[in-house]
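Take a first look at the model below.

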Amino acid sequence: MSRRLTVLGCLVTSSLLALGVAAPAAAASAHADTDYVALGDSFSSGVGAPGQTGLCLRSPNGYPAQWAARNNPRSFTDLSCGGAETDDVRNQQVPRLSSGTDLISITIGGNDAGFAPTVLTCQVSSDATCARTVA
């Protein structure tokens, strides 16, 4: 499988997982014994959402914090960081997980694939330049 298809697959999978985790729970009490940790990049941390703070630009309006607010897990730890790449998650976020973690959400891959520069190029350049950048 080509690297491009692998990256695309990761992006699609992470997006679908994000939508599933962000869905409202049927009963908030169902998560009272859940220790939840969010991993990932800006899609998780909430870059661009109101209230972002710190070097990782985490926002209470990012989906992990919204899920935690709606579902009241026993604990919530947000390790996501805007700009993170796959190696950052593997080397800096995953080692901070505990064996007691019950729920982990993750988004990763956009920065590895050059998502932000590609979007910017396509917004300000010609269609031909955009197509070359995407290719």
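Predicted model: local features only at pLDDT ≥ 70, side-chain atom pairs only at ≥ 80, totals over all residues.

Residues are numbered from 1 along each chain as its sequence is written, and side-chain values use heavy atoms, with hydrogens and water left out.

**A buried serine**

Ser44 sits in helix α2, residues 42–45. Helices here are DSSP runs of H or I with at least four residues, strands are E runs of at least two, and both are numbered from the N terminus. Ser44 has 1% relative accessibility and counts as buried. Buried means under 20% relative accessible area, exposed means over 50%, and partly exposed lies in between (1.4 Å probe, protein chains only). Beyond its neighbours within four places in sequence, Ser44 is in contact with Leu39, Gly62, Tyr63, Pro64, Ser80, Ile106 and Thr107. Contact means heavy atoms within 4.5 Å.

**A nonpolar patch**

Phe43, Phe115 and Val119 make a nonpolar surface patch of about 260 Å². Such patches take residues with over 30% relative accessible area and no salt bridge; nonpolar side chains (Val, Leu, Ile, Met, Phe, Trp, Tyr) are joined within 5 Å, like charges within 9 Å. Val119 belongs to helix α5, residues 115–124. Val119 is partly exposed, at 32% relative accessible area.

**Salt bridges**

How many salt bridges does the structure hold? There are four. The term means a side-chain nitrogen of Lys or Arg within 4 Å of a carboxyl oxygen of Asp or Glu. The table lists some of them.

| Pair | N to O distance |
|---|---|
| Arg58 and Asp78 | 3.9 Å |
| Arg74 and Asp102 | 3.7 Å |
| Arg90 and Asp87 | 2.4 Å |

Take Arg58 and Asp78, which form a salt bridge. Asp78 is in strand β2 and Arg58 in a loop, so the pair ties together parts that are 20 residues apart in sequence. Arg58 is partly exposed at 28%, while Asp78 is buried at 16%.

Next, Arg74 and Asp102 meet in a salt bridge. Both lie in loops, so this pair links parts 28 residues apart in sequence. Asp102 is partly exposed, at 48% relative accessibility.

Arg90 and Asp87 both lie in helix α4, three residues apart, about one turn of the helix. Arg90 is exposed at 52%, and Asp87 is partly exposed at 44%. Elsewhere, salt bridges with shared partners join Asp35, Arg74 and Asp102 into one network.

Conventions: Areas by Shrake-Rupley, 256 points an atom, 1.4 Å probe, with all protein chains shown as cover.
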